[in-house]
Amino acid sequence: MAQPDTKKIFFENLSGAGKSIAVLTSGGDAQGMNAAVRAVVRMGLYVGAKVYFIHEGYQGMVDGGEHIKEATWESVSSMLQVGGTVIGSARCKEFRTHEGRLKAAHNLVQYGITNLCVIGGDGSLTGANLFREEWSGLLLELVGQGLIEDEAVQKYSALHIVGMVGSIDNDFCGTDMTIGTDSALHRIIEVVDAIMTTAQSHQRTFVLEVMGRHCGYLALVSALACGADWVLIPEMPPEDGWEDKMCQKLSANRAGMKRLNIIIVAEGAIDHSNKLITTDYIKDLVVKCLGFDTRVTILGHVQRGGTPSAFDRILASRMGVEAVFALLETTANTPACVVSLCGNQSVRLPLMECVQMTQEVQKAMDEKRFEEAVKLRGRSFENNLKTYKLLAHRKPETELPISNFNVAVLNVGAPAAGMNAAVRSAVRVGISEGHKMFAVSDGFEGLSKGQIREIKWADVGGWTGQGGSLLGTKRTLPAKHIDKIAEQMRKNNINALLIIGGFEAFESLLQLYEARATHEELCIPMCMLPATISNNVPGTDLSIGADTALNAIVETCDRIKQSASGTKRRVFIIETMGGYCGYLASVGGLAAGADAAYIYEEPFDIRDLQANVEHLTEKMKTSIQRGLVLRNENSNENYTTDFIYQLYSEEGKGVFDCRKNVLGHMQQGGAPSPFDRNFGTKISAKAMQWITKKLVETFRQGRVFANTEDTCCLLGMRRRALVFQPVVQLKGDTDFVHRIPKEQWWLKLRPLMKILAKYKTSYDVSDCSQLEHIVRNRPKESDASVAM
């Protein structure tokens, strides 16, 4: 941890001195809103602005008085892990009237507030924009009524608005993910996983209703994440006669020895006549036509509750900081903007462009232009729908293309949650493309021993929710077994290879590429999907399994901090996994509200440790009761977890005591998170489509021959895009000694963690976004869909 310094992070025009920022939450609550409020308050205070809470949303703005309170650093402590919104939210009819907005303007002027950060849905943001447009006129009315002086009109001439979308439905156009959606998916998947065990015991069919009156995102993605048999959403009503098709599907699955059926229904699901499809209707239909024991479960407000996921905490924190930057940079001519997520990058979009497109979706649905509605939802939604159809509905054998290609799938390296979802996706997409799919057990060691078998569609049923690696995985690299591997490839006539794994998989693919010169059997298309909790693979911002590990870390940190509730001041030293890669410690620290995170990539010495202890001691004396320090397992060979624990214990005597905890392999276990299930599913489907394309391109004179760089690739997430990158070109970007990329995007988040922990530090503003315009049809390759 670098020693706290007094370096200014902003140019003069980005200073918040003399500015007042108010933050409010409006409309329905969503997990992660508190993380956004915390980030706005602390970054606002950091840049020298005054920050205010507006309690109870627009109602509080209209009522004024005690509803508008100045925020302090301490007032947002211990709220990161709390669901809902601690500053309250209310729907306000009065704000919809001119008189209500006049009262709100008067209240804001009294506090000198001209910068508003609004966290809510499209209705809340539309109201904020109208308020902004009317602002000048409202001030003149207040002058006319003698409620404010003429000077106030000049002093507070413009109202600046920045929005963040807090909605579990993910129904706002212009962003891949809204605050709260990932947490809602966690609640749904937890219920579905639990229901599956009882359904399997009794051979039952379960019909689950999830939220989404006008948007089917939650239903669609949860169906993709749990491998549901059928899903019904408002954007894509089923074709006439769907009842018979659904019953045939359920019956066929039971005949294939499947002991349960899951049907997921969005609460706003409709048929082509715009008639609501209810869970009771589906239940009665299944009982009448099939005689299956069928139960209905309506999840309701469970989806809104609970603690926010790691993803939502990080998303909300990043958005909150970006919102403050946007307010500091805005001018009188800048349109109101909304902070959005595109791929793995924060972007600013004109608020009303996004609102108008969101309204266009509903209009298209009302007018039964359903295909257009799906496209307007965005490429992420559209791809989710296509992927679900591809994986859930098997084409009859007579309709499948005949490719005569054999494709093998294997896992390499340590297990990572989501690997099984990726294998399932690869197998089913491969079969749909007409290939014969083969599963390799125990990685390259198993391949060298001939542990390879054909794998069918039904063999991977139920794999999405299972952790670990069902195929079996080992760290063995192929170089020492290359002759035997080539022999098995020839014996089984393998035409393409899909490798799912971590850094060992990357090294393996490089070795296979180099062995092409001596083994023609390896002159085939080969693709790697990054899957490791360490997230240390070059060529990708994210890896399958890292999100599940982050959630395990964050949940444990929450519990550990809670264990000290009501006791004396205490600091916890937590060791995370990751090898030499500090991703888990850094991003986990941001999500858990850590005071420090020690990593290999950012060298530290005894003076830094001492400065951190002193900083934490000062905080403990004045405000917080519990401190959290994370340490990556290989951050420093001398400053071990024990050493740091003993140092903090000694230096903190009389102020706080210490406890330590090594999280260990619990970070690697457990059921995969919704993010990892869907990320694995979607990038695996994309990889198989790429393999099909390369097989066709390289098939010459009766055989496949692929020896160019672009036929041996890693599929990774790079900022806004999923990109196929030749592994040879990634060698120069890799530190092979420490098994990490030379450049890592998440290092730019570390100053954010320090600032939110009250350190004065430098912050790279070059990566902050500029106002863009909403893109209706992004280029095909740019569908990052990182947020599922």
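Visitor: Which residues does N492 touch, not counting residues up to four places away in sequence?

Guide: In this predicted model, N492 touches N406 and I452 once those sequence neighbours are set aside. N492 sits in the loop between helix 16 (482–491) and strand 16 (496–501). Its side chain also reaches the backbone oxygen of Q488, at 2.9 Å.

Visitor: Where do the buried residues of helix 8 fall, seen down its axis?

Guide: An α-helix has 3.6 residues a turn, so residues three or four places apart point the same way. In helix 8, W242, E243, M246, C247, K249, L250, N253 and R254 are buried. Seen down the axis, the buried residues fall within an arc of 155°, so they line one face of the helix. On the other side, D244, Q248 and A255 are exposed.

Visitor: What do the buried residues of helix 8 pack against?

Guide: Their partners include strand 6 (205–210), helix 9 (279–290) and helix 13 (379–392). R254, one of the buried residues, lies over the face of F292, at 4.2 Å from the ring centre.

Visitor: How many aromatic pairs does the structure hold?

Guide: The structure holds 17 aromatic pairs. One of them, Y583 with W746, is edge-to-face, with 6.2 Å centre to centre and 75° between the planes. Y583 lies in helix 19 and W746 in the loop between strand 27 and helix 24, so the pair ties together parts that are 163 residues apart in sequence. Both Y583 and W746 are buried.

Methods:
Residues numbered from 1 in each chain as written. Predicted model: local features only at pLDDT ≥ 70, side-chain atom pairs only at ≥ 80, totals over all residues. Heavy atoms only, no water. Helix = DSSP H or I, 4+ residues; strand = E, 2+ residues; numbered from the N terminus. Polar contact = N/O pair within 3.5 Å; in protein donor to acceptor, adjacent residues only side chain to side chain. Contact = heavy atoms within 4.5 Å. Buried < 20%, exposed > 50% of the residue type's maximum accessible area, 1.4 Å probe, protein only. Arc of directions from axis to C-beta. Phe/Tyr/Trp six-rings, centres within 6.5 Å; stacked < 30°, edge-to-face > 60°. Lys NZ or Arg CZ within 6 Å of the ring centre and 35° of its normal.
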